[in-house]
Amino acid sequence: METDNNIEKDIERVLAAAKNVKPVDAPLLFTEKTMQRIGAERQASRVSTYALLKVAAVLLLIGLNVYTISRVLETPLQQPEQVKVSMDDLVKDYQVTDVSNDWLNNKIQQNEQP
Amino acid sequence: MPLEIDIKALKAKSEDAFRHLVNAYGKDIYNLCLSIIPVAEDAEDLSQEAFVKAFNSIDSFREDAQIKTWLFRIAINLCYDHLKWSKRKKRHAILQPLYNREDEPIEIASNFQHPGITLENKEHAKVLYAALETLPEKQHSAFLLYEMQGLNYKEIAETMAVSVSSVEALLFRARASLRKKLQTYYSDYASIKK
């Protein structure tokens with residue numbers, strides 16, 4: 001019975017201990033140390049923004065290159081137009097007066113005769 | 001009485017505004033961290049970390065809430081993360097549960113060094129802190145915010161993002177659970193002495 005009473009008293013003392021905790025002042029230079037950490041964080045976020053910008057620029061360049069290459073590969077090569085040259089065009093171009101090739105046959109015959 | 005804090009300047013990440021915030025709430029946040037982790041160096045580190053986190057996430061602060069309760073929430077979350085990390089480290093606890101079990105026994109910390117506790121109160125405070133550590137997080141937070149930090153139900157509800165009636169229920173359960181654990185602890189202690 002006495003033990004139970006002692007236990008009850010101990011429990012009450014322990015629960016009362018919560019109320020007896022005195023608030024303490026923040027440690028010396030608490031504000032300065034905290035502001036230093038905040039400053040370091042600000043600096044780190046600036047550095048990381050710069051690094052992010054660099055990564056974004058590199059990614060943009062790579063993207064542009066990939067786009068350009070894919071466009072080049074997708075576009076079919078243009079075949080050069082086949083130029084059909086008629087005999088009349090040749091005549092025009094070289095200003096030959098006779099279109100017939102009789103003169104050429106005559107020449108060959110002459111050569112064949114002994 | 002809430003202190004005058006320029007939220008716009010904070011959101012613009014003004015150094016002066018943050019210095020004012022640290023001056024205004026540094027003591028409260030440090031004492032809050034001490035009430036969860038009664039080791040002065042760890043509490044200092046965590047309370048500074050809370051302000052750094054506040055600086056990084058100030059854009060997410062809703063202006064209808066109190067800056068004090070918002071800071072308290074950040075600090076509480078950081079302290080619980082630290083507690084979980086140190087428990088896991090201590091017990092190699094991949095196989096241990098990450099949250100407190102109802103039947104977890106009270107273990108008195110060897111590195112207890114709360115500067116706000118007088119020598120004659122130290123033994124009881126050690127037992128209290130050890131018992132508090134075995135409570136589920138929400139009961140623990142509600143108890144220490146009410147009993148140690150002196151917040152009212154509304155402020156606790158805002159800090160913990162729960163209703164006022166939930167705070168009452170959490171406090172009731174925390175006290176009942178603490179009594180039960182302390183009863184077991186002192187009964188075991190008495191039987192060992194016999």
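Visitor: In what order do the elements of chain A run from the N terminus on?
Guide: They run α-α-α-α. This is a predicted model. Chain A has four helices and zero strands.

Visitor: How many helices and strands are there in chain B?
Guide: Chain B has eight helices and zero strands. From the N terminus on, the order is α-α-α-α-α-α-α-α.

Visitor: What pLDDT does chain A average?
Guide: The average is 82. In chain A, 88% of the residues score at least 70. Among the elements of chain A, helix H2 (residues 30-74) has the highest mean pLDDT, 90. Helix H4 (residues 102-112) of chain A has the lowest, 72.

Visitor: What percentage of the residues of chain A count as buried?
Guide: Of its 114 residues, 7% count as buried. For chain B, the figure is 36% of 194 residues. The cut-off for a buried residue is 20 or more other C-beta atoms within 10 Å of its own.

Visitor: Why is helix H3 of chain A said to lie largely in the open?
Guide: H3(A) covers residues 87-94, eight residues, and the number buried is zero, so the helix lies largely in the open. Gln95(A) follows H3(A) and has a positive phi, near 55°.

Visitor: What makes the phi of Leu29(A) worth a remark?
Guide: Leu29(A) is not a glycine, yet its phi is positive, about 60°. Most residues other than glycine have a negative phi. Leu29(A) sits in the loop between helix H1 (2-17) and H2 of chain A.

Visitor: Is Leu29(A) buried or exposed, and how do you know?
Guide: Count the neighbours. Leu29(A) has 10 other C-beta atoms within 10 Å. The limit for exposed is 12 or fewer, so Leu29(A) is exposed.

Visitor: Where does Ala161(B) lie?
Guide: Ala161(B) is in the loop between helix H7 (153-160) and H8 of chain B. Its phi is near 55°, a positive value in a residue other than glycine. Ala161(B) has 10 other C-beta atoms within 10 Å, so it is exposed.

Visitor: How many residues of chain B are in contact with chain A?
Guide: 32 residues of chain B are in contact with 26 residues of chain A. The elements of chain B that give two or more residues to this side are helix H2 (15-36), helix H3 (40-56), helix H5 (119-133), helix H6 (137-148) and helix H8 (164-193). H2(B) gives the most, with nine residues. By class, this side of chain B has 16 nonpolar, eleven polar and five charged residues.

Visitor: Which residues meet in H2(A) and H3(B)?
Guide: From H2(A) come Lys33(A), Thr34(A), Arg37(A), Ile38(A) and Glu41(A). From H3(B) come Gln48(B), Phe51(B), Val52(B), Phe55(B) and Asn56(B). By class, the contact has four nonpolar, three polar and three charged residues.

Visitor: What makes H2(A) and H2(B) oblique to each other?
Guide: Their axes cross at roughly 120° and come within 10 Å. Roughly perpendicular ends at 115, and roughly antiparallel starts over 145. The pair is therefore oblique. The crossing of H2(A) and H2(B) is right-handed.

Visitor: Which residues of H2(A) and H2(B) meet?
Guide: Phe30(A), Thr31(A), Thr34(A), Met35(A) and Ile38(A) meet Phe18(B), Arg19(B), Val22(B), Asn23(B), Gly26(B) and Tyr30(B). The contact has six nonpolar, four polar and one charged residues.

Visitor: Why are H6(B) and H7(B) called oblique?
Guide: They pack at an angle of about 140°, with their axes 10 Å apart. Roughly antiparallel needs over 145, so H6(B) and H7(B) are oblique to each other. Their crossing is right-handed. H6(B) brings Lys138(B), Ser141(B), Ala142(B), Leu145(B) and Tyr146(B) to the contact. H7(B) brings Ile156(B), Thr159(B) and Met160(B).

Definitions and conventions
Residues numbered from 1 in each chain as written. Chains lettered and ligands numbered in written order. Predicted model: local features only at pLDDT ≥ 70, side-chain atom pairs only at ≥ 80, totals over all residues. Contact = placed C-beta atoms within 7 Å. Nonpolar A, V, L, I, M, F, W, Y, C, P; charged D, E, K, R; others polar. pLDDT = per-residue confidence, 0-100. Axes fitted to C-alpha atoms, helices over the stretch in contact; angles between N-to-C directions. Parallel < 35°, antiparallel > 145°, perpendicular 65-115°, else oblique. Left-handed = near helix turned anticlockwise from the far one by under 90°.
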